[in-house]
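Have the model open beside you and try each task before reading its solution.

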Amino acid sequence: MKHEKTNKEVWNKKISEGLIEASVSHLDDLMDDLTTSYKGLTEAEAKKKIEQYGFNQIAHDKPPVWFIQLLLCFKNPFILILLGLDVFSYFTDDLEAVMIISTMVSISVLITFTQEFRSIRTAEKLKAMVKTTVTVTRQAVRKEMDMEQLVPGDIIHLSAGDLVPADVRLITSKDLFVAEASLTGEALPVEKQDTMPRGMARRIRDKYSRPIHALELANMCYMGTNIISGTATALVISTGVSTYFGSMAKTLVGKRPMTSFDKGVNSVTFVIIRFMLIMVPIIFFVNGFTKGDWMEALFFGLSVAVGLTPEMLPVIVTANLAKGAATMARNKVVVKKLNAIQNLGAMNILCTDKTGTLTQDKIILEKHLDIYGREDDNVLEYAYLNSYHQTGLKNLLDVAVLEHAELMDVLGAQKNYTKVDEIPFDFNRRRMSVVLEKEGKEHILICKGAMEEILSICTHALDDREVVPMTAEMTKEVKGLVDDLNTDGLRVIAVAIKSSTPRGGAYGVKDESDMVLVGYIGFLDPPKESAAMAIRALKENGVSVKVLTGDNAAVTSKVCREVGLEVKQICLGSDIEHLTDEQLAELAERTTVFAKLNPLQKARIVRALQSKGHTVGFMGDGINDAASLKDADVGISVDTAVDISKESADIILLEKSLMVLEEGVIEGRRTFGNIIKYIKMTTSSNFGNMFSVLGSSMFLPFLPMLPIHLLIQNLFYDISQLSIPWDHMDKEFLKEPKKWDASSVGRFMIFIGPISSIFDYATYFVMYYVFAANHVEAQSLFQSGWFIEGLLSQTLIVHMIRTEKIPFIQRRASWPVILLTSAIMIAGIYIPFSSFGESIGLTPLPLSYFPWLVAILLSYCVLTQLVKTWYIRKFNEWL
């Protein structure tokens, strides 16, 4: 299928084209278009524009009010089945069934509501509550105002630390560096200037050049980014949903796609419904025809329907998920949506952004090299002196130089020098210089800046402390070395010096000539120490990690290799633009690293992987990640993320670490294991019971168990399951991703369920022939015998099914499971001997019954273990 442009992509393209047009237009023309001037808007004009464009707000999903959230908790297939049975029971006056089912539904809904309501409130508190203000010129007067009041045509002023409040065109700027990681994933700050570079302008106008992306424009700043250093005055071009940031946010509002958990629950539900639709009518008609009492047959058929339904499933699922959420909360993880825990366990591909996840999100000085690429402390000393003595705003690179110097012997070198002058940085020269006097003997001009700019002013180079002329061959060698460093993901800055005798007067740009190239310094956003270990742990647990980033290929490749990710090929955003969905799905499966992606391309890759049957997680924190967070089966964000990303996420990490995530994956699998354990135990056991009921209905002159007996037996059995969330899972089970498989549940029911029927029939034989309970007057004794055997065999099956190993010998259940199942078995044996048992038609059993019971139960355990061994060998699975 050819990839069609979605509304999201069309809207995004329209915004991009508007930004590109604004960047190449003359400022005066833009002012005219926006009916403004350099003095700013009047308050009356601003008010009209708010009516025209709306407030400067982005679209986002608001959490539902509490009663809507409570109602949504009923939107679960199992809950709806139980409510249907509940209503039917009410109209047939079966009040015991109504009470039991209503209790189960209420417990499940309240646990789900309490956990999710608390988690959403926690997530809301994580959002920044401070109102952002901006400095605006209106009617030639500067004023602070709420960012939401900003309109197109406003003149704003930006400085270090400011959040860019809208998409703006720069009017004036000085030493401006902007962090755009939230939009592009680029770790390093981007230089901005008020004039469009000639090369970029030529690319925009030349239809044969590579198309320029809206986020590459040097004279534009974008909403959601922040100023690292420098100052600027800018014209507001667009606000709210019409900004690039807002256009991304707008596409995220609305219903999210079904996750792996949703699809799995639905598929298992339909399997159970199909079995119910087959078994219940058969049992109803068999009982109706053989007993002649159609109303009694109807009640019994209803009880069978309840019996076939794992009515405690919503409670067990919710309790498991709530326990998982509590465990993850202790590990600094906020679970917003309970279902996300199971999706985390099912996840077999984790797509992650690079910056801050694999890397430290901090620029450090990695290398200081001479012209031949050898480590040289002299280069570091000159770079340190330059950064230390500059009086302008120090950008991240200067900070990295100063911090690195603290670890080396060059710290304190400034004491030997006195500052004479400074030649500030500007975008045309792309370099800055300081002039120092060394102990009153000579002046040294130290210049650092972009490699090509420094080379253009150097006539000599420092070769092992000897000044030699720069030859063409040396220049070529230097450029080759710098290219290699760039390929390794380093950002390279050159350092040059020039010595002269002391003189009076100011220094200027003309003095930056006949320089001596000393060497270069290389910067990097280094990998986290824990990243390689976490990726290895995820791989051992069956989770493949893929990197989806907006950063460039060289930097991404370097980081991925250092953290142990295999990089066979890097696929760029431009490479996938024209691929069909099927072609992209094939490419995405075999590619580990995608670079230079825009936000919609990230989300498209996530969907492509899902189309191949993968359960996909996505971890990111920028606006450029929000669409992918929403489309993924499990969206993972961090507490420092932009608000729109936190709203799109299912899980919020209070610590941005893949190790925390690996622990979450294991917890998700443990949670899923305990859920599927209950489903397979209950459905197979109930299915076996229905076979037993069907057979007994054909030859017994009475019902093998009354409807109230079936309901109480079911309730006791289900209570014994409440300890399942605290049970262990086999280590082998936790090693691989686990997802819902309805066919596996159906197969398990068919092969394992009838085993219990064999021993139910053995109990019938014993009660019918050994204890002569073969006529209507003795039905109470027969029913008591099967009630105990049925309950005990159902409860014992918990221990048989919970592990692939031999229970009690190779693997033992947790103490909560052992204690609760033991208590239920004791209570089940006691009921026929109690006044409660008498009131529901049960009668005490003779002591001679119990040796038979022990023999039947032991035989049941042995046969189940033998069938389990065969089943695992045949189907290569158990739970």
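**Exercise 1.** This is a predicted model. Find which residues of α28 meet which residues of α31.

*Solution.* Start on α28: Gly785, Ile788, Glu789, Leu792, Ser793, Leu796, Ile797 and Met800 take part in the contact. Their partners in α31 are Tyr849, Leu853, Ile856, Leu857, Tyr860, Cys861, Thr864, Gln865 and Lys868. Next, sort the residues of this contact by class: 11 are nonpolar, four polar and two charged. Finally, look at the geometry: α28 (residues 779–801) and α31 (residues 849–875) pack at about 35°, with axes 10 Å apart, and the crossing is right-handed.

**Exercise 2.** Work out how α18 and α25 are oriented to each other.

*Solution.* First take the angle between α18 (residues 529–540) and α25 (residues 658–699), which is about 20°, with the axes 8 Å apart. Angles under 35 degrees count as roughly parallel, so α18 and α25 are roughly parallel to each other. α18 passes α25 in a left-handed crossing. Then pick out the contact residues: Ser530, Met533, Ala534, Ile535, Ala537 and Leu538 in α18 meet Leu658, Met659, Glu662 and Val665 in α25. By class, this contact has eight nonpolar residues, one polar and one charged.

**Exercise 3.** Locate the largest nonpolar core and the residues with the most contacts inside it.

*Solution.* The largest core holds 126 residues, and Leu344, Leu350, Ile636 and Ile651 have the most contacts inside it. α25 gives the largest share of this core, 15 residues. Now zoom in on Ile651: among the residues it touches are Met328, Val333, Leu344 and Ile636. A second, separate core has 28 residues, including Ile363, Val401, Ala405 and Tyr417.

How values were computed. Residues numbered from 1 in each chain as written. Predicted model: local features only at pLDDT ≥ 70, side-chain atom pairs only at ≥ 80, totals over all residues. Heavy atoms only, no water. Axes fitted to C-alpha atoms, helices over the stretch in contact; angles between N-to-C directions. Helix = DSSP H or I, 4+ residues; strand = E, 2+ residues; numbered from the N terminus. Left-handed = near helix turned anticlockwise from the far one by under 90°. Contact = heavy atoms within 4.5 Å. Nonpolar A, V, L, I, M, F, W, Y, C, P; charged D, E, K, R; others polar. Parallel < 35°, antiparallel > 145°, perpendicular 65-115°, else oblique. Core = buried A, V, L, I, M, F, W, Y, C linked by side-chain atoms within 4.5 Å. Buried < 20%, exposed > 50% of the residue type's maximum accessible area, 1.4 Å probe, protein only. Lists of a residue's contacts leave out its neighbours within four places in sequence.
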